[in-house]
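Open the model in your viewer and keep the selection panel at hand. We will go from stop to stop, picking residues as we go.

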Amino acid sequence: MQKQCSCGETMSIRLRTVIFQNKVEIENVPIYSCDDCQRSELFPPIKQELTGYIRTLGSKPEVATVLFDEMSELAGLMHKVTHKDNQMYTVESIIQERVNELLDTLLLAKSLGDDAWVEDVRHRLKQITSHLTTTYRLS
């Protein structure tokens, strides 16, 4: 995934570490980066989730390292797609496998009556489907 930078060059998406208040390292955050002017910006679909997480840290966070790909389905899928062990799989098959895993988990959570788990899984499915429908609009 790429986009045009304000300098005119192409920005590529990369998984980077974001450091909050020199204390919290948030790894595997999707960020657009320009190799020419060094400009960076968050991948828009994850911005709300990242800023929401940062808000939970408060003004005086403890020293920590966090994996954003474990919080964000989109970041998790990007991490999985770019991992060398998955080179033989298509992006579509990796996404489909994850959606199927989440649907199976949803059924389990419902059968156990765990409402919090059901909501978490629904939120994760929504992250994937809302991005895919805006990326792959049908004409």
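What volume does the second largest pocket have? About 250 Å³. Keep in mind that this is a predicted model.

**Stop 1: the pocket**

Select Pro45, Gln48, Glu49, His123 and Gln127. Of the 11 residues that line the second largest pocket, these lie nearest its centre. Now colour by element. H1 and H4 are the elements that give two or more residues to this lining. H4 supplies the largest share, with 5 residues. Then colour by class. The lining has 6 polar, 3 nonpolar and 2 charged residues.

**Stop 2: Ser72**

Next, pick Ser72. This residue sits in the loop between strand S5 (64-67) and H2. Is Ser72 buried or exposed? Ser72 is buried, because its relative accessible area is 1%, and buried means under 20%. Show what surrounds Ser72. Leaving aside neighbours within four places in sequence, its contacts are Ile46, Glu49 and Gln127. Two names return from the pocket stop: Glu49 and Gln127 are among the residues nearest the centre there.

**Stop 3: Glu73 and its partners**

Move to Glu73. With a relative accessibility of 4%, Glu73 counts as buried. Show its side chain together with that of Arg98. The two form a salt bridge, and their closest N and O atoms are 2.9 Å apart. Which parts does this pair tie together? Glu73 belongs to helix H2 (residues 73-82) and Arg98 to helix H3 (residues 91-112), so the bridge links parts that are 25 residues apart in sequence. Arg98 is partly exposed, at 23% relative accessible area.

Arg124 counts as buried, at 16% relative accessibility. Now extend the selection to Glu101 and Asp120. Salt bridges with shared partners join Glu73, Arg98, Glu101, Asp120 and Arg124 into one network.

Why can such side chains pair up? Opposite charges can pair when the charged atoms come close.

**Stop 4: one more bridge**

How many salt bridges does the structure hold? There are 9. For another one, select Arg39 and Glu41. Their side chains meet in a salt bridge, at 2.7 Å from N to O. Arg39 is partly exposed, with a relative accessible area of 34%.

**Stop 5: the nonpolar cores**

Select Ile26, Val29, Phe43, Ile46, Leu50 and Phe68. These residues have the most contacts inside the largest nonpolar core, a set of 20 residues. Strand S2 (10-20), strand S3 (24-34), helix H1 (44-57) and H2 each supply at least two residues of this core. Which element gives the most to it? S3 does, with 6 residues.

Centre the view on Val29. Leaving aside neighbours within four places in sequence, Val29 is in contact with Arg14, Leu15, Arg16, Val18, Leu42, Ile46, Leu50 and Phe68. Another core, of 11 residues, lies apart from the largest one. To find this second set, select Leu77, Ile94, Val99 and Ile128, which are among its members.

In soluble globular proteins, nonpolar side chains tend to be buried together.

Note on methods
Residues numbered from 1 in each chain as written. Predicted model: local features only at pLDDT ≥ 70, side-chain atom pairs only at ≥ 80, totals over all residues. Heavy atoms only, no water. Salt bridge = Lys/Arg side-chain N within 4 Å of Asp/Glu carboxyl O. Buried < 20%, exposed > 50% of the residue type's maximum accessible area, 1.4 Å probe, protein only. Helix = DSSP H or I, 4+ residues; strand = E, 2+ residues; numbered from the N terminus. Contact = heavy atoms within 4.5 Å. Core = buried A, V, L, I, M, F, W, Y, C linked by side-chain atoms within 4.5 Å. 1 Å grid on protein atoms, 1.4 Å probe; cavity = no way out; pocket = protein on both sides within 12 Å on 5 of 7 lines; lining within 4 Å. Points joined across faces, edges and corners; volume = space filled by probe spheres on them. Nonpolar A, V, L, I, M, F, W, Y, C, P; charged D, E, K, R; others polar.
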